[in-house]
Amino acid sequence: MRKVKELLIEKLLFASASITIIVTIGIICVLSIEAFQFFSEVSIVEFLTDTQWTPLFTDKHFGILPLLSGTVLTSFIAIMVALPIGLSISIYLSEYAPKGFRKTVKPLLELLAAVPTVVYGFFALIVVTPFLQIIWPNLSGFNSLSAGIVMGIMIIPYVSSLSEDALQAVPNSLREASFGMGATRLQSAFKVIVPSASSGIIVSIILAISRAIGETMIVAIAAGQQPRLTLDPTVPIETITAYIVQVSLGDVEHGSIEYRTIFAAGITLFVFTFLLNTLSYRIRKKYQAKYE
Amino acid sequence: MNNIQINRLKDQAFKFWGIGCTLIGLILLVLFIGDILVDGIGRIDWSFITNLPSRKSEKSGIYTALMGSIWILLLTTVIAFPIGVAAGVYLEEYAKKNKFAAILEINISNLAGVPSIIYGLLGLEVFVRIMNLGASVLAGSLTLSLLILPIVIVATREAIKAVPSSIKDASYALGASKWQTIWHQILPASGGGILTGVILALSRAVGETAPLIVVGALAYVPFAPSNPMDEFSVLPIQIFNWISRPQHGFIENAAAAIIILLGITFIMNGVAVYFRNKWQNKLK
């Protein structure tokens, strides 16, 4: 009797774990089925090469490039903000700061990532854009610059916390050897510790990029809703994620081509983040054992 | 100045740069909360919490959105908590080191990185259309449950890993079966860690906007949901809706609602940290 119960419980636990596989299969199926129907009406060549995205207008164009450029532009700005600040924080906290300071500051910084993204969107639109307009008067009310900067602030803890963990994992013997050779903390940090922790740091950066690409509310609120193939950060643009939100807010009939565009856009987004996540997982697995 | 002095100077300079960067992060956080408090605190009173949404900004309240958020929170907990913990226990205690376990692990790590809006598309197609749940609280909760499942699983595994193996060995030595050991020893010993992870995951769920918009949650609902099949709105969507309106009064409303949302998020984070510290001290 006890054996039957044990077996039954194991099966139940196994089923729970298997749900995660079903979720992945579900995501891939849902996206591909709807996207497949989309591509039976729109050629994949047009999708990848047309420079206009106007599925909601009468003159319909289905080129993903403008949405892609919007996504890349905002993510690039965010990384330009988060990378130098996040890395400096991680090096400072790991190599310079007293232990007590680190223990207090780290969770506080992590609060930055706990704030709901809709709140950041408010901040970008109501505070950052008007502030930047003082410096650049011709900055549009919706733009990728302030959305990107605020998104960068949001992902600082992703870079700083994970990189700091990687730096901390470097054995102290390396530090001591470097100091013993007469190196300063800065020299040890950049010539010994950071190179040794490079795989962990790269993983943190990849995860931050993946987070930026998938970020939705900040760009939906502050970057505008005008798909535009441009690298100009001062004009309104639209990202893949913001487009999905825009369509979802409107009344779009199930099964129509407009409805299917959000799945075509979604699968593009999914492919990019999937590649980045897989890459980071590979790097992590490959180098995890390095110092154990 | 010789080389050594230059290097020492550079070292000091980087130290101040590092302090500066760390402080910028914290100052931005403070600035940002301060700004929202200034914008919104004057708007918060009892009627703001108990009023239904309205076309007039000064009469609008967050009652329906707040109730929607609470419904979503409760249902998501009921769905994601048992499944996530069960999956975590399986992976940590039962799964053999074979190919399937490796795939499960890669898969969970990947799911944690899937953008939330993709979960919205999954929920829209599977729960709203195929299972015909409509844009209901249940459909929204199921969607968010899938979204936070990887976080709950990872937290459960970490918590179980932290339990000393001596506890397990002692239990087996007394003749307990595997499940008895898990149920009576491992789960109670890892409870604090699991609780921390679940609360953090739920605090993420409470702030999620995009997947619920995709699932079809409404910006305007005249009544608070009374059962899982009702239509609903949540606080973040109400905030998003108010931000999108041009009149200044709604911006003030948005700031006030943000204060409430941030309050909920920070309290949940605080409780989580409290449980973690208490649990870590107990384990030592």
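**Figure 1. Packing of helices H8(B) and H11(B) in the predicted model.** In this predicted model, helix H8 (residues 178-207) of chain B and helix H11 (residues 248-283) of chain B have axes that come within 8 Å and cross at roughly 170°. Because angles over 145 degrees count as roughly antiparallel, H8(B) and H11(B) are assigned to that class. On the side of H8(B), the contact is formed by Gly192(B), Gly193(B), Leu195(B), Thr196(B), Ile199(B), Leu200(B), Leu202(B), Ser203(B), Val206(B) and Gly207(B). H11(B) contributes Leu261(B), Ile264(B), Thr265(B), Met268(B), Asn269(B), Val271(B), Ala272(B), Phe275(B), Arg276(B), Lys278(B), Trp279(B) and Lys282(B). By class, the residues of this contact are twelve nonpolar, seven polar and three charged.

**Figure 2. Crossing of helices H3(B) and H6(B).** Helix H3 (residues 63-94) of chain B packs against H6(B) at an angle of about 35°, and their axes are 6 Å apart. The crossing of H3(B) past H6(B) is right-handed. Residues in the contact of H3(B) with H6(B) comprise 20 nonpolar, seven polar and three charged.

**Figure 3. The largest nonpolar core and the surroundings of Val150(A).** The largest nonpolar core contains 172 residues, and Val150(A) and Ile239(B) are those with the most contacts inside it. Helix H6 (residues 137-161) of chain B gives the most to this core, namely 15 residues. Leaving aside residues up to four places away in sequence, Val150(A) touches Tyr120(A), Phe123(A), Ala124(A), Val128(A) and Ile218(A).

**Figure 4. The contact between chain A and chain B.** Chain A supplies 71 residues to the contact, and chain B supplies 66 residues. On the side of chain A that touches chain B, helix H1 (residues 2-41) of chain A gives the most, with 18 residues. That side of chain A consists of 48 nonpolar, 19 polar and four charged residues.

**Figure 5. Helix H1(A) against helix H4(B).** The axes of H1(A) and helix H4 (residues 99-112) of chain B come within 10 Å and cross at roughly 60°. H1(A) and H4(B) are therefore oblique to each other, and H1(A) passes H4(B) in a left-handed crossing. Ala17(A), Thr20(A), Ile21(A), Val23(A) and Thr24(A) of H1(A) make the contact with Leu104(B), Asn107(B), Ile108(B) and Leu111(B) of H4(B). The class division for the contact of H1(A) with H4(B) is six nonpolar, three polar and no charged.

Figure 6. Phe270(A) lies in helix H12 (residues 257-288) of chain A. Phe270(A) has 23 C-beta neighbours inside 10 Å and therefore counts as buried, since the threshold for that class is 20 or more. When residues up to four places away in sequence are not counted, Phe270(A) touches Ile27(A) and Leu31(A) as well as Val114(B) and Ile118(B). The C-alpha atoms of Phe270(A) and Val245(A) are 16 Å apart in space, and these two residues are 25 residues apart in sequence.

**Figure 7. Helix H11(A) and its buried residues.** Helix H11 (residues 240-249) of chain A is largely enclosed by the rest of the structure, because seven of its ten residues are buried. The buried residues of H11(A) are Ile240(A), Thr241(A), Ala242(A), Tyr243(A), Ile244(A), Val245(A) and Ser248(A).

**Figure 8. Gly34(B), an exposed residue of helix H1(B).** Gly34(B) belongs to helix H1 (residues 3-40) of chain B. With 10 C-beta neighbours inside 10 Å, Gly34(B) counts as exposed, because that class requires 12 or fewer. Between Gly34(B) and Asp169(B) the separation is 135 residues in sequence and 52 Å in space, C-alpha to C-alpha.

Figure 9. Chain A contains twelve helices and zero strands. The C-alpha trace of chain A spans about 75 × 70 × 35 Å along its principal axes. Of the 292 residues in chain A, 48% are buried. Among contacts in chain A with a separation of 6 or more, 74% join residues 24 or more positions apart.

Conventions:
Residues are numbered from 1 along each chain as its sequence is written. Chains are lettered from A and ligands numbered from 1 in the order in which they are written. This is a predicted model: local features need pLDDT of at least 70, side-chain atom pairs count only at pLDDT 80 or more; totals for chains, interfaces and linings use all residues. Helices (H or I, at least four residues) and strands (E, at least two) are DSSP runs, numbered from the N terminus. Two residues are in contact if their C-beta atoms, placed from the backbone, lie within 7 Å. A nonpolar core is a set of buried Ala, Val, Leu, Ile, Met, Phe, Trp, Tyr and Cys residues joined through C-beta atoms within 7 Å. Axes are lines fitted to C-alpha atoms, for helices over the stretch in contact, and angles run from 0 to 180 degrees between N-to-C directions. A crossing is left-handed if the near helix is turned anticlockwise from the far one by less than a right angle, and right-handed if clockwise. Ala, Val, Leu, Ile, Met, Phe, Trp, Tyr, Cys and Pro count as nonpolar, Asp, Glu, Lys and Arg as charged, and the others, Gly among them, as polar. Angles under 35 degrees count as roughly parallel, over 145 as roughly antiparallel, 65 to 115 as roughly perpendicular and the rest as oblique.
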